[in-house]
Amino acid sequence: MFPAAGFDSAPESGGIFLYRFHMKVYGCQMNVYDSDRVRTALTRRGWTESAEDEADMVIFTGCSVRGKAEQKVWSELGRYASLWEKNRRPRVALTGCAAQSLGEKAFSRYPWVRLVSGPRHIGLLPDGLERVMRDGGRVTLLDEDPREFYSLDEFSEVRGSRYRGYVTIAHGCDNFCTYCIVPHVRGRFVSRPPAEILREVRSLTESGAKEVTLLGQNVNSYGSDFESGYGFAELLRDVARLEGVELVRFVTSLPQDFTEKIARVMAEEPAVCPSLNLPIQSGSDRILRLMNRKYTRAAYMETVRMARSLLPELGLTSDLIVGFPGETERDFEDSLSALSEIRFDLVHTAAYSERAGTPAASMPGALPREVRMERLSRVNALQDKLTLSINQGLVGRRCRVLAEGAAPKGSSDLLQGRTPTDKVVLFPGGKDAADLPGRFVTVEIAEAESWCLKGRLIDPEHCA
Ligand code: SF4
């Protein structure tokens, strides 16, 4: 295998050229999961992961859910102009849902972009990347049929954290919320067969994972396309009972599909964490209708009551959009009052941003940017206060935490983990800091901030 003319040679090993790749991943956990599997597939084929400035191929996995995320990918792609003019290197591949929306434009604008691949073509990506390196041409793998899927039969053996693993349980979404581009870029809803998911979870635990997160745009509707009646509650129970699985989390849950049956499995299975992300998006029924969300504020509140009655320790997070077209001050205040009434542990807030091709982008009543940003800062101020007061109530409590590794910032013995309710907790590992990652420890919460908790180590459990 030889590099194309005009390219620096990749390192040679036994007559075979091994290409160096570098990955840049933006967006949700699905992108992280897909990237880890591509990373595993390329490593198995003999490619090596390298620093960006040494790479023959830079693989961008980009997000298109928000306009800002897409702009970030676009400006990052533009950075390769001078390198390309000087060295004709690196070649760049654009993958993920941003490829689906920006792919054609990227090809016509940037000669260094040599491959674009939509998320449903992931199974063809490793061959496509090798074709680009071998032949020097361009490869297009965009998703044209929203039901077609080329799966990559590769488990994420090479992943960001050895102790945590992600598994996608369903692809795409059929809900068509009016602001959302996902059904347009990730295609129709398809559940993966349970046997395939369980096999993947087993392979993760065999390679060291203790915590598994099940992923889907709406995990609760898992199995709705099967005739067998096997659904998310059954899958959650089966995953939780697999040997080696110590913690199970899942995202995301659509409020109308989160059932009592699922909440009961969460309550009954010790491995399932009592944490739930239930995006409310607005506290106003009028805006929920315009968003094509299929629940009312009252129905949402009822679901929260049901979940909290079965799971008294529940960590509840949510997503909320402010400044949707036509949102009045009154509608916005309904969102504020919903946050005060529910007291979420955390809310991911966003000012509405138009996504071309979605129905909301052409709705009347678009709000000026200043109004959206002013509402965003008001909602954030309220939620920060709520989160801080909830977190302060945890000071003095003890929890079992999987030590994941060093905290991203801070002193060298500072470790990071997550409470069962999915709050980030930082704690000094002391003289055992280097040995603790991958082990469960008991941490007492000593200090609370709105984005994280700080704790002290009580006693490391001696896990096998
Ligand atoms: S449920 Fe709605 S917001 Fe979530 S991915 Fe589907 S269309 Fe988008």
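The structure is a predicted model, in which local features need pLDDT of at least 70 and side-chain atom pairs count only at pLDDT 80 or more, while totals for chains, interfaces and linings use all residues. Residues are numbered from 1 along each chain as its sequence is written.

**The whole chain**

Helices (H or I, at least four residues) and strands (E, at least two) are DSSP runs, numbered from the N terminus. Along the principal axes, the C-alpha trace spans about 65 × 60 × 50 Å.

Of the 464 residues, 44% count as buried. A residue is buried if 20 or more other C-beta atoms, placed from the backbone, lie within 10 Å of its own, exposed if 12 or fewer, and partly exposed in between.

**The domains**

Next, colour the chain by domain: domain 1 (12-141), domain 2 (161-273), domain 3 (281-392) and domain 4 (398-460). These bounds come from an automatic or database domain assignment. Select domain 2 and domain 4, whose C-alpha centres lie 26 Å apart. Nine residues of domain 2 are in contact (C-beta atoms, placed from the backbone, within 7 Å) with seven residues of domain 4. The side of domain 2 that touches domain 4 has three nonpolar, one polar and five charged residues. In this classification Ala, Val, Leu, Ile, Met, Phe, Trp, Tyr, Cys and Pro count as nonpolar, Asp, Glu, Lys and Arg as charged, and the others, Gly among them, as polar.

**The ligand shell**

Select the ligand, together with Cys173, Asn175, Phe176, Cys177, Cys180, Val182, Pro183, Gln217, Asn218 and Leu254, which surround it. By class, the shell holds seven nonpolar, three polar and no charged residues.

**Helix α9**

Move to helix α9 (residues 260-268), where Ile262, Ala263, Val265 and Met266 are buried. These residues lie on the same side of α9, because they cover an arc of only 155° around the axis. The arc is that of the directions from the helix axis to the C-beta atoms. Among the elements covering these buried residues are α8 (232-240) and α11 (297-310).

In the loop between β13 (247-251) and α9, select threonine 252. A cis peptide bond, with omega about 0°, joins valine 251 to threonine 252.

**Single residues**

Methionine 291 is in the loop between α10 (285-290) and α11. Methionine 291 is buried, with 21 other C-beta atoms within 10 Å. Not counting residues up to four places away in sequence, methionine 291 touches Cys177, Thr178, Tyr179, Gln281, Ser282 and Phe324. Asparagine 292, in the loop between α10 and α11, has a positive phi of about 60° although it is not a glycine.

Finish at glycine 455 in strand β22 (residues 453-460). Glycine 455 counts as buried, with 27 C-beta neighbours inside 10 Å. Leaving aside neighbours within four places in sequence, glycine 455 is in contact with Val425, Phe427, Val443, Glu444, Ile445 and Ala446.

Methods. A residue is near a molecule or strand if its C-beta atom, placed from the backbone, lies within 6 Å of it. Two residues are in contact if their C-beta atoms, placed from the backbone, lie within 7 Å.
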